[in-house]
Structures are given as structure tokens and as C-alpha cells.
Amino acid sequence: MSTPAIAQPRTYLASHREASLAADAVLVLGGTAVITASAFVTIPLPFTPVPLALSTFAVMATGAALGPLRGSLSAALYVVLGVLGAPVFSSGQSGFLFPTFGYVVGYVLAAAIVGQLAKHQADRRVGSTLALGALGTLALYACGVPWLMVSLGIDLGRALQFGVLPFLIGDTLKVLALAGLLPSLWRLVARVRPDDREDAR
């Protein structure tokens with residue numbers, strides 16, 4: 001007589017009970033779709049080539065929900081689609097010869113970092129989720145600012161004025177939103193699956 005399988009606690013919000021390549025592929029494609037859709041929620045700013053975009057929030061949420069591998073694969077697939085010509089980047093851009101491409105590349109790194117921190121349950125409490133979001137945001141800046149410098153031929157100070165300073169308040173709000181959303185979703189998961197309750201406290 002077979003022994004009933006014991007449900008394992010979730011590692012990520014999008015964990016599934018029976019892992020399979022097909023299920024992972026669906027999750028990766030779903031993450032790419034979320035990032036792509038969010039990139040169209042963009043507000044151009046007249047004083048910088050870098051727009052306000054919802055995609056940075058979507059990338060970090062995807063990394064936390066899917067984990068470092070699937071989250072970074074979702075972001076990498078998004079980058080590849082855009083480089084190959086699909087108009088999936090903000091304002092319908094594609095290719096790589098535009099000033100904000102460094103931030104797009106940073107999506108892969110940010111998703112991996114956030115996902116790795118989520119693997120260690122950093123997305124289950126408000127304080128650690130704030131740190132998770134801050135590190136993900138720094139990863140985006142670390143990739144985006146050097147590309148701005150090269151593509152526009154400007155120095156570091158000017159690149160910070162274009163690519164960091166105007167977004168500090170907005171990015172802080174995104175991190176705060178993550179800190180409210182992710183622990184709340186874990187509490188909901190704990191109600192639906194009591195075996196997750198201990199880890200989601």
C-alpha cells in the first residue's frame with residue numbers, strides 16, 4: 001500500500017506541489033508576460049530619457065514569486081525578445097541601442113537577487129521585504145547608470161541626475177508596495193495551506 005505524499009511547505013509564492021519542466025516553463029512564460037505588460041505602463045519625463053515605468057516593480061515581484069532561476073529566466077526571455085525586435089520595452093522600443101537598455105539588462109540581475117533573498121524567506125516579513133526591494137533597486141541602478149554614461153557620453157554625476165535622483169521617491173514607493181504585498185500574500189497562503197503557516201509568520 002502506497003504512503004500518501006506529504007505536502008511540502010512552499011519555498012516561493014508560485015511554488016507548485018509537483019515540480020515539472022512543463023509547469024516551470026509555464027511559470028517562466030507567465031513571468032515574461034507580466035513584465036511585458038507592465039512595460040507599457042510608462043510615463044515619459046521631459047528632463048530625462050529614463051521614463052517612469054511599472055516594470056521595475058513587476059520584475060521584483062516576479063523574482064520573489066518565482067525564485068532566482070525562474071524569475072531571472074523570465075526577465076532574460078523578455079530581454080531576448082526585445083533585442084530580437086519585438087516591441088516589448090517601454091514606449092514600444094526594441095533592440096539595444098537606446099539609453100535605458102542598461103536598466104532592462106538589470107531586470108535579470110534584480111530578479112535573481114530578489115528571488116535568492118525570497119528563497120531565504122526575506123519576502124515573508126515587512127522589514128526583510130524592504131531590504132529585498134532596496135537591493136533589487138540598487139541592482140537596477142548599477143546596470144542602468146553605466147549604460148546611460150556610455151550611450152549618452154555623460155559623466156557619472158549627470159547620469160545620476162538622469163537615471164537615479166528623479167526616481168528615488170517613486171522607487172521607494174514601489175519597495176513599500178512590495179513590503180505590503182508580499183507578506184500579505186504569504187499570510188493568505190498560510191490560511192489556504194496551514195502547513196505553510198509557520199514559515200509565513
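This is a predicted model: local features need pLDDT of at least 70, side-chain atom pairs count only at pLDDT 80 or more; totals for chains, interfaces and linings use all residues.

User: How many charged residues are in the contact of α5 with α6?

Analyst: On the α5 side the contact is made by Y141, V145, L148, M149 and L152, and on the α6 side by L156, A159, L160, F162 and G163. By class, nine are nonpolar and one is polar. For charged residues, the count is no residues at all.

User: Are α2 and α7 roughly parallel or oblique to each other?

Analyst: The axes of α2 and α7 are 10 Å apart, and the helices pack at an angle of about 30°. Angles under 35 degrees count as roughly parallel. Therefore α2 and α7 are roughly parallel.

User: Which residues of α7 make the contact with α2?

Analyst: From α2, the contact takes in T56, F57, M60, A61 and A64. By class, this contact has eight nonpolar, one polar and two charged residues. The α7 side consists of D171, K174, A177, L178, L181 and L182.

User: How far apart are the axes of α2 and α4?

Analyst: In this pair, S55, T56, V59, M60, G63 and A64 of α2 meet Y107, A110, A111, V114, G115 and A118 of α4. The residues of that contact divide into eight nonpolar, four polar and no charged. The two helices pack at an angle of about 40°, and the distance between their axes is 7 Å.

User: How much space lies in the largest cavity?

Analyst: A search of the whole structure finds one cavity of 30 Å³ or more. The space in this largest cavity comes to about 300 Å³.

User: Which residues lining the largest cavity are the closest to its centre?

Analyst: The lining has 23 residues, and α2, α4, α5 and α7 are among the elements that give two or more of them. By class, 14 are nonpolar, seven polar and two charged. The closest to the centre are V50, P51, T56, Y103 and Y107.

Methods: Residues are numbered from 1 along each chain as its sequence is written. Side-chain values use heavy atoms; hydrogens and water are left out. On a 1 Å grid over the protein atoms alone, a cavity is a set of points where a 1.4 Å probe fits but cannot get out, and a pocket is an open set with protein on both sides within 12 Å along at least five of seven lines; lining residues have an atom within 4 Å of a point. Grid points are joined across faces, edges and corners, and a volume is the space filled by probe spheres set on the points. Helices (H or I, at least four residues) and strands (E, at least two) are DSSP runs, numbered from the N terminus. Ala, Val, Leu, Ile, Met, Phe, Trp, Tyr, Cys and Pro count as nonpolar, Asp, Glu, Lys and Arg as charged, and the others, Gly among them, as polar. Axes are lines fitted to C-alpha atoms, for helices over the stretch in contact, and angles run from 0 to 180 degrees between N-to-C directions. Contact means heavy atoms within 4.5 Å. Angles under 35 degrees count as roughly parallel, over 145 as roughly antiparallel, 65 to 115 as roughly perpendicular and the rest as oblique.
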